[in-house]
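Have the structure open as you read.

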Amino acid sequence: MKKILSITLMILLSIGLAKAQKSNPKYTISPAKFTAEDAITITVDLTGTTLATKGQIYIYAFNQAGPGLYNDFCADQSGAKMTNEGSNKWSFKLTLTNYFNATPAKIGTTFGFLFKASQASGCGQDANQSVDFSTTIESLVFSPSVFRVFPNKFTQDDIVTFYMDKNLLDPSKTALKSATEIYVFTDIDYIKPDGTGGYFQISQFCEPVSTTDGNYYTGQTTVADNLALKAKDEGNGLFAWTIVPSKFFKIGDTTSPKFPPAGSKITKIKVHFRTRLSPYCPGTVGDAGSLGDNFGIPFQ
């Protein structure tokens, strides 16, 4: 009898857990970078989730400023109704200032949202709704920083520019602050098609191309001689370095086995702004202004 009761309790518990499970679908926001005053489109793919069979889908958004425009979670307001794009995909367009009826300052830097089915048992709870999501809102006011990248979200096939503002450097970075020519030392982490990890470094040493230390250099023998690693002087202390990562790091190039193989995906790029001469080159003035790994950018 005890065994029967135990099995029954386990079954009931399993049913309860299944019922309480919320969907965790994949979503995108376009454009990826936006302010509270920009029109954006949120698209969700419900394939493989419990919401895929629920019919009409609604969005519920919220933020730290208080409840959203549609603050009755259990109601089916037409203004929160998402558009069926087919193939289990739904979209919703909004501008945050209009949606929350609030100023950008009050809305803040983040907002959250979830996807839910029509008003059903439990007001869309559990299997009738997704987990909560949150995303960052860009500031309308430009905040200067030593490092920045544009765009702030990018793939390995996008054109991306890395910036350094010498005016904002720490006073201890004497070599870099006084340099008239700025170069970069850069490396990447990547995943090979077989799932194993890889690392690819551009030289910062005074070594020939034939070095056997596991690194590969982009053409010249030292960083100081490589114009591909020279940042552009934009004036007023601002320097910029622009690349297409997949091309610069020669993914799929078969001229050397040290290049990342075709199909590799970059997961992180590190950009080190530095003076022309490396501290590792004998007889040079050194590089007291080298910034190390402070500019590590993950890929989307």
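Q: Is Y99 buried or exposed?
A: This is a predicted model. The relative accessible area of Y99 is 5%. Buried means under 20%, so Y99 is buried.

Q: What kind of aromatic pair do Y99 and F100 form?
A: Across the whole structure there are 17 aromatic pairs. In the pair of Y99 and F100, the ring centres are 5.1 Å apart and the planes meet at 85°. Planes over 60 degrees apart count as edge-to-face, so the pair is edge-to-face.

Q: What kind of pair do the rings of F115 and F133 form?
A: Their centres are 5.9 Å apart. Their planes are at 50°, between the cut-offs of 30 and 60 degrees. The pair of F115 and F133 is therefore tilted.

Q: Which strands hold F115 and F133?
A: F115 and F133 are both buried. They are 18 residues apart, and their pair links distant parts of the chain. F115 is in strand β7 and F133 in strand β8.

Q: How many residues does the largest nonpolar core have?
A: Strands β10, β11, β14 and β15 each supply at least two of its residues. Among those with the most contacts inside it are W241 and I243. The largest nonpolar core has 28 residues.

Q: Is R274 buried or exposed?
A: R274 is in strand β15. Its C-alpha atom is 5.4 Å from that of Y183, 91 residues apart along the chain. The relative accessibility of R274 is 1%, so R274 counts as buried.

Technical notes:
Residues numbered from 1 in each chain as written. Predicted model: local features only at pLDDT ≥ 70, side-chain atom pairs only at ≥ 80, totals over all residues. Heavy atoms only, no water. Core = buried A, V, L, I, M, F, W, Y, C linked by side-chain atoms within 4.5 Å. Buried < 20%, exposed > 50% of the residue type's maximum accessible area, 1.4 Å probe, protein only. Helix = DSSP H or I, 4+ residues; strand = E, 2+ residues; numbered from the N terminus. Phe/Tyr/Trp six-rings, centres within 6.5 Å; stacked < 30°, edge-to-face > 60°.
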